[in-house]
Each structure stands twice: as C-alpha cells, then as structure tokens.
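Work through the exercises below with the structure open. Try each task before you read its solution.

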Amino acid sequence: VEAGVAFASALSGATADERRDRQRRAAEEFVVGGALVEGSAMLHAVLSDAGVQLRTSKLGVMASILWNQMVTDFFLVMRLLAMPVPQSSEHDELRELQQVYELVGHRMSLIDSLSAFDFQLRALRLALLLDRPREIVRGLGGHATFSGNLGNWWNTFRMRRELALAIEIANTARFEDLDNDIRVFEGFVAHTLGEFEEAIEHLERAEQVFVETEERSQFELNMTRVFMLYSLRERGELSRLSERVLRYVDDAERRGDRFTATTLSRAFNIVWLAAEGPDAARLQLRRATWVPIESGFHLQHWYALRANAELALYEGRVREGFDDFSRELDRLHRSTLSRAVQAVRGEALWLHGRLIVALRKELKSPRRHRRKLARISRKLASEKGRRYLDAWSAMLRASIAMVDDRREDARLV
C-alpha cells in the first residue's frame, strides 16, 4: 500500500506515458495490498484520463461484452479467411486506448471479473483493428481462458481455435518474446481441458523463463504459478504442491502482496491440513489479510467455503459442514462466478455430493437426499469439456448404488 501511495504521489508533473505507468503501478500495489477502494479509484482515473466511463450496472457490462464479442468474432473470422481487417486513421489514439483497456482488464480482474473481461475484449478488438501481433496473441490468451472457463463444447472449440490462431500469428511475426506467452497459453488450455500433466510441464517452463527475465510482470508470473498449482492439486501431487505453495506464500508476504498470500492460503489450504492438521489449516484461513469486496460472491469467498467444507469432512463435523455449505450454496449459484467458471460450478456440485454421502446416516429423509444426489450426478455429467467432471459424476453414481446396497452396480460404475 505504501508503494501505491508513492506512485500516486508522483503523478503530478508526469508526462502522459509516465502518468499511465505510475497509475498502473499504483493500482496494482493498492489492489494486491488490500486497499481495494484506492485501487479501484486509480483504475477509474486511468479510464477518465482516456475519456472512458466505467459501466456500473451488470446489464450495461453484459451489453458491452456482447457487442465487443460480436465485433471481435467478426475480425477473427476475417483474419482466418485472410481478408484485410478495416483500418482506422486514428492509429495513435486507438493504440493508447488499447493499452488502457489492456491495463484495466488485467488489474480489474482482481476486483470485478466481469468488468475485467469486458475491457480485455475491448483491448483484443482494438489490437485486431490495429493489427498488433503481440497484443493480439496476449489478448487471445486472456479471451480463450475466459471462454474455456465457461465450459460446453462451443467454448472449448473456441478456446482451441484461438490457441491455434495465436500460435500461427506468433510464428508469422517471429517475435521471440511471444514464445513464453504461447507457452503460458498452452498451459492454461491444457489445465482447462483437464490435461494436468501437460499443463504443469508448460507452466513450469514458463515460470522459469519469467523468473529469468528482467522485463516481466508480477501479475503474469502470479497467474502462471496459480494455474500450475491448480494442476498439481488436481493431480494429487501434494509434496510438490506443498513445497511450491509455502515458497510462494513467503515470497508474497516479503513483497507485501496480500492478495497472492491470501489466495494461496485459501485455495490450497489442504497443504496446511496435510502437513500440520486442522488447527494449522484453520489458522491460515483466519490469517487472511486480503478481503474481497463484500458485494457478490468472489473466488476468495469460494476458496474459503471449499476449505471450511473440507475441514469439516476431515474432522467428522459433517452436519455442521453440510449446513454451512448449504447456506452459502444458493449465494454461489446466483453469482456470476458460478455461471462464468465451470471449474467452480463443477467442484461445488462435487463437494455438495460428498457432504450428502458423508451425512447419509444422519438424514431424516434419505430418499429426498438420494434424489438430490442423483440430480447432482446428472448435472456433473452434463458439464462438457472437463473429463474429471465425468469421473466425479461416476463416483457419485457409485455412492448411490452403495447406499442402495447394490454393490455389483457400484463396481460396474
């Protein structure tokens, strides 16, 4: 936060480029340090200087996303068909605006993911209009990751198509500095598809390059690391996961990066549960020093909800865990997060099913909960694009068979 104040104080008398760079740095320092009001205000200032007004209603943001998505898709089709994209005479002005959109899209993602995607789409649209290979490749990476997170076959197809296009553009442009962007892109796509071993391979190499490169963004490095940790967690590689999480938490705390430290302690709370037991895991949750905006339901809320449910299962406090999880479940399902991130939607269903199975002996109406378990299994099976969701659905079907004392059917599943 102190660094954010320093950058904000240095805005007076700065040139346009210096001012934008200091605003970017101030916004990032405020947001990761937990000063969300100041960080949001700085991003508003960046937009105001560029003559852009931030949309405050969800309806307005969705309308902007739909329009920008339509125009972006049109430009992408033209590029795929080798047709020239219409050029603008206001090249310099649009170039500056594209940089502003890219900046706000990245930093806003820590505060409001929907608005962040809106600005990332705007940045990609302008990059295509201006024919800027570097910005197009990076914009495609962010756009494809968001699309892949939505789930379903069409978004999976779009994600694969945009990865192929990004590789083609990078190879044609022959910019060596795009190699690592492609590597990160490939890692994100592999993770989204549930190909975790491949994701780890790409992202470990990308992290190494980022660490060895002086001109790098801490934001990009953090995102690369977090997706790599997600993949390690899903593969059950607890030893490698623990070593990295503890090292990254120490690094984040040393830099005063409360956002990253809190994200790691909540998202990978299982590290402390496995190493030191439930008391240590609970302490990490209570020590969280970065608190998301209370309105809505954010990733930080989901990580804490999941960690507390897993703690309840581990300690045998199933009824308490089930009740606490159920109270928050409706809030999660109504959120943009659940609709926009298939991994969260799927794991929430899986965790809900696990709690019902664990609670079966205490249920007053086992038939009703059995039907609920069957519905959860069907919902998981209907989610397309991630193979591990099919495995979770099958495990819940096997649990239903066991509850019904149909052991042979459970084995067949």
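This is a predicted model: local features need pLDDT of at least 70, side-chain atom pairs count only at pLDDT 80 or more; totals for chains, interfaces and linings use all residues.

**Exercise 1. Find the buried residues of α5 and say what covers them.**

Solution. Buried means under 20% relative accessible area. In α5 this picks out L94, R95, L97, Q98, V100, Y101, L103, V104, G105, R107 and M108. Next, look at the cover. It includes α2 (16–32), α3 (36–49), α6 (113–130), α7 (133–150) and α11.

**Exercise 2. Repeat both steps for helix α4.**

Solution. Length comes first. Helix α4 runs over residues 58–80 and has 23 residues, so it should span 33 Å at 1.5 Å a residue. Its end C-alpha atoms are 32 Å apart, which agrees. The buried residues of α4 are G60, V61, S64, I65, N68, Q69, V71, T72, F75, L76 and M78. Their cover includes α6, α7 and α8 (153–173).

**Exercise 3. Describe α11: its length, its burial and what follows it.**

Solution. Take the length: α11 has 18 residues and reaches 26 Å from first C-alpha to last, close to the 26 Å expected. Take the burial: 14 of the 18 residues of α11 are buried, so the helix is mostly covered under the 20% cut-off. Then step past the end. Just after α11, G236 has a positive phi of about 75 degrees.

**Exercise 4. Classify the ring pair F188 and F227.**

Solution. Rings pair if their centres lie within 6.5 Å. The count of aromatic pairs here is 11. For F188 and F227, the centres are 4.3 Å apart and the planes meet at 40 degrees, so the pair is tilted. Now place the two residues. F188 sits in helix α9 (residues 179–192) and F227 in helix α11, 39 residues apart, so the pair links distant parts of the chain. Is F188 buried or exposed? F188 is buried, with a relative accessible area of 12%. F227 is buried too, with a relative accessible area of 12%. Last, widen the view: ring pairs link F188, F227, Y230 and F268 into a cluster.

**Exercise 5. Describe the largest cavity and its lining.**

Solution. Count first: the structure holds 3 cavities of 30 Å³ or more. The largest cavity has a volume of about 60 Å³. Its lining consists of Q218, N222, R225, V226, L229, Y248, D251, R255, T260 and L264. Sort these by element. Those that give two or more residues are α11 (218–235), α12 (238–255) and α13 (258–267). Among them, α11 gives the most, with 5 residues.

How values were computed: Residues are numbered from 1 along each chain as its sequence is written. Side-chain values use heavy atoms; hydrogens and water are left out. On a 1 Å grid over the protein atoms alone, a cavity is a set of points where a 1.4 Å probe fits but cannot get out, and a pocket is an open set with protein on both sides within 12 Å along at least five of seven lines; lining residues have an atom within 4 Å of a point. Grid points are joined across faces, edges and corners, and a volume is the space filled by probe spheres set on the points. Helices (H or I, at least four residues) and strands (E, at least two) are DSSP runs, numbered from the N terminus. Buried means under 20% relative accessible area, exposed over 50%, partly exposed in between (1.4 Å probe, protein chains only). Contact means heavy atoms within 4.5 Å. Rings of Phe, Tyr and Trp (its six-membered ring) pair if their centres lie within 6.5 Å; planes under 30 degrees apart count as stacked, over 60 as edge-to-face and the rest as tilted. The expected span of a helix is 1.5 Å times one less than its number of residues.
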